[in-house]
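Hi,

Here is the structure I promised to pass on. Have a look at it first, and my notes follow below.

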Amino acid sequence: MGRPGWGRRLRPPGGDDGRGGPSWLRLRLPRTRRGQRRAVRAAMVLCVLALTPATWLFVTTDGETGTVAEAPKAEVAVVFGAGLWKGDPSPYLAHRLDAAADLYRRGRIEVVLVTGDNSREEYDEPDAMRAYLTKHGVPGRRIVSDYAGFDTWDSCVRAKKIFGVNRAVLISQGFHIRRAVALCDAAGISSYGVGVDAKHDATWYYGGAREVFAAGKAALDAAFRPDPHFLGPREPGVDRALASPR
């Protein structure tokens, strides 16, 4: 006999008509050709608006990025945080720090400013970055830490206003470096970006996709130039590091 109702198609709860989800989530295209053309044009406009900030980044940073071998001489290199794994730099962050150590050994830079997140006691990007660099040949007296680099804009503004950096080589992955250069330029730092190599894994693809959306915030930051989360008084760390013996 079977169970009652098994031969009947029931409407699932929540407005689902049984064709793949709630009816209010399904996209309904206009039925008329005029309506369809309008929908296509609207979609094209949205795509253009979404990609405009990313295009701005590529245009404004043209010729201002390259490899370690192509980096010009500068007193300061800025390395942006990229996460920790069990207290140590993530592989992506380690690649950035390797590039900074390489530039120091080549005599292309004199001081490394490590900027990252230390918003809670158990998470300290700058100190982990410092420890990694000292293990790879950069003297501790030549490393300066910024503990309030919560995002790229904050790091750039603080490098300028807190640490007095006017010119720098910036180090990050290729998918992020153009945004870093554009924002540091907007903050008043003449910069050149070194985009380090990275394995094209899930993190790389996520980072690349994230940049499409992050470019919009970057454009707003560059246009309106908000204060960072924390500013504070000027710190002499970079000046002291430059004055110390190599």
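Let me start with V112: leaving aside neighbours within four places in sequence, V112 is in contact with A77, V79, A100, L133, V138, R142, I143 and V144, where contact means heavy atoms within 4.5 Å. Please keep in mind that this is a predicted model, where local features need pLDDT of at least 70, side-chain atom pairs count only at pLDDT 80 or more, and totals for chains, interfaces and linings use all residues. Residues are numbered from 1 along each chain as its sequence is written, and side-chain values use heavy atoms, leaving out hydrogens and water.

V112 is also among the residues with the most contacts inside the largest nonpolar core, which has 29 residues. Such a core is a set of buried Ala, Val, Leu, Ile, Met, Phe, Trp, Tyr and Cys residues joined through side-chain atoms within 4.5 Å; buried means under 20% relative accessible area, with a 1.4 Å probe and protein chains only. Helix 2 (91–105) and strand 5 (111–115) are among the elements that each supply at least two residues of this core (helices are DSSP runs of H or I, at least four residues; strands are runs of E, at least two; both are numbered from the N terminus). Helix 2 gives the largest share, eight residues. A second, separate core of 27 residues includes W153, V181, L183 and A222.

There is one disulfide in the whole structure (a pair of cysteine sulfur atoms within 2.5 Å): C156 and C184, with sulfur atoms 2.5 Å apart. C156 lies in helix 4 and C184 in helix 5, so the pair ties together parts that are 28 residues apart in sequence. Both C156 and C184 are buried.

Best wishes

Key
Buried means under 20% relative accessible area, exposed over 50%, partly exposed in between (1.4 Å probe, protein chains only).
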